[in-house]
Amino acid sequence: MILYNTLGQKKMDFVPHSGKKVNMYTCGPTVYHFAHIGNLRTYIMEDVLEKYLRYAGYDVTRVMNITDVGHLTSDADTGDDKMVEGAKREHKTVMEIAKYYTDAFFEDCKKLNIKTPDVVEPATNCIDDFIKMVSKLMDDGYAYFAGGNVYFDTSKLDNYYVFGNMNADDLEVGVRDDVDSDENKRNKTDFVLWFTKSKFEDQALKWDSPWGVGYPGWHIECSSISIKHLGEHLDIHCGGVDNAFPHHTNEIAQSEAYLGHKWCNYWFHVLHLNDARGKMSKSKGEFLTVSLLEEKGYNPLVYRMFCLQSHYRKPLTFSYDSLDNTAKAYDKLIKRIASLKDDGEVDEAAAEALDAKFREALDNDLNTSLGLTAVYDVLKADTNDATKKFVIAEFDKVLGLDLVSEKSDDEDSLDAEIEALIAKRQEARANKDWATADLIRDELAARNIKLIDTPDGIKWEKTE
Ligand code: AMP
Ligand code: ZN
């Protein structure tokens, strides 16, 4: 498989450190608010990457942190603590906020068919590990104590800017709020490993440490949690592109200083989802969530397909018009696949040839839009329906779009009956035959069927 690697800024052959074993780390959500669909674009593409690596025969272990402490409103060391901000906004404790939004995040993931990583670790579970790592960095001369905080000394490194000439806009994201410069820092790029003399009098979560009562910086979380669960060699580290600097740059600095060798070989960054105002962000007030899309009648998997239609390394602009087009394409595709018959044996040679095209697309830097094209190619292929159904079900292990219905024939025929009733009701309404329309409405209600008006016509769901 070929992947674009931010470390080196080019496409490279993906070669894990130990044969077929892949250690994969993902920066998890900061759980002070709902995830917006921009955050979820990143998690969807990371999910496809993980699933494709498994599909290609790798044995993946994936770890994700939950950021429930230490992430300030600027990605650098300034601003307020996002968790404290969330707690104030909702008059709850930080831990209540963390629990609520962690659960909400995994609910969204479930709706989007995003698999839960093998290990999910909240930062607040690992304070001792952070302290251990910071202590070693202090002992080895990579960190210093100043004005009550512990800082990483970036002047000790030969090359701090490991990602090279990152695009100026991305660099901007990392330092955008860095206005009140911190006089304790020896170098502008130094960053906090442990805060004690915080400017937040009311910092809710504090722990004892060799440097006084305080709390960890954000970057140390990911280095420490990754090394704790995945060891000294990480194969691939993922995140949204705004994480590349300063977060991932700082992770590399402290991890390699701590380990004394190269840490992670591949860096996978997903470009942003934008809306008409620019990058979608939680701090801009109103933002789009999966629940909001559902309220508007969209199946969350339509949003997953919307993401798969474009390449992860291109910015993606969200609009309802584009989502509507995807919704139509999704419905059509599902119907076409549902009409495939169980007409005998799978033709293995044909299946293999179709699968090769799918792999070719994903092997080339995870080209998901060509991966979707491969599904349409299957439908057009000169082979029997059973083979088509089998191959599409295989692809769907990666695409995660519920392309092949797992319903039994009985359930399928029940669905068809309900759809026929809805169509009859629409016809009656068009003919102003209100009595028949009402009768059908009552019958549907008695069967616990709720009708939903959507831009693509009437949809229904069972409400038991
Ligand atoms: P956060 O919850 O803010 O820590 O962000 C969670 C993930 O979403 C990180 O990997 C971010 O890089 C990513 N992210 C933030 N904003 C966007 C966006 N507009 N589009 C895509 N990914 C994003
Ligand atoms: Zn991280």
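**Entry 1: confidence**

I began with the confidence of this predicted model: the pLDDT averages 90 over the chain, and 91% of the residues score at least 70.

Which residues come nearest to ligand 1? I found 19 residues around the ligand, and of these T30, G38, T42, D242 and L273 come nearest. I sorted the shell by residue type and recorded five nonpolar, 11 polar and three charged residues.

I next looked up the polar atoms that face ligand 1. A polar atom in the side chain of D242 is 2.5 Å from an oxygen atom of the ligand. For N39, I noted a distance of 3.0 Å between a side-chain N or O atom and an oxygen atom of ligand 1. At G38 the backbone is involved: one of its N or O atoms lies 3.1 Å from a nitrogen atom of the ligand.

I also looked up how much of the ligand is covered. Ligand 1 exposes 490 Å² when taken alone, and the protein buries 94% of that. Of the elements, α1 gives the most, with four residues.

**Entry 2: the zinc ion**

Which atoms coordinate the zinc ion, ligand 2? I recorded SG of C27, SG of C222 and NE2 of H247, at 2.0 to 2.2 Å. Along the chain, these donors follow the spacing C-x194-C-x24-H. I then placed the two cysteines: C27 lies in the loop between β3 (21–26) and α1, whereas C222 lies in helix α6 (residues 218–230). The pair therefore ties together parts that are 195 residues apart in sequence.

**Entry 3: backbone geometry**

I ended with the backbone, having in mind that most peptide bonds are trans and that most residues other than glycine have a negative phi. Where is there a cis peptide bond? I found one joining F245 and P246, with omega at about 0 degrees. P246 has its place in helix α7 (residues 244–259).

I also noted Q9, a residue other than glycine with a positive phi, near 50 degrees. Q9 sits in the loop between β1 (2–5) and β2 (10–13).

Conventions: Residues numbered from 1 in each chain as written. Chains lettered and ligands numbered in written order. Predicted model: local features only at pLDDT ≥ 70, side-chain atom pairs only at ≥ 80, totals over all residues. Heavy atoms only, no water. Near = heavy atom within 4 Å. Polar contact = N/O pair within 3.5 Å; in protein donor to acceptor, adjacent residues only side chain to side chain. Areas by Shrake-Rupley, 256 points an atom, 1.4 Å probe, with all protein chains shown as cover. Nonpolar A, V, L, I, M, F, W, Y, C, P; charged D, E, K, R; others polar. pLDDT = per-residue confidence, 0-100. Donors = N, O, S within 2.8 Å, 3.2 Å for Na, K, Ca; no water.
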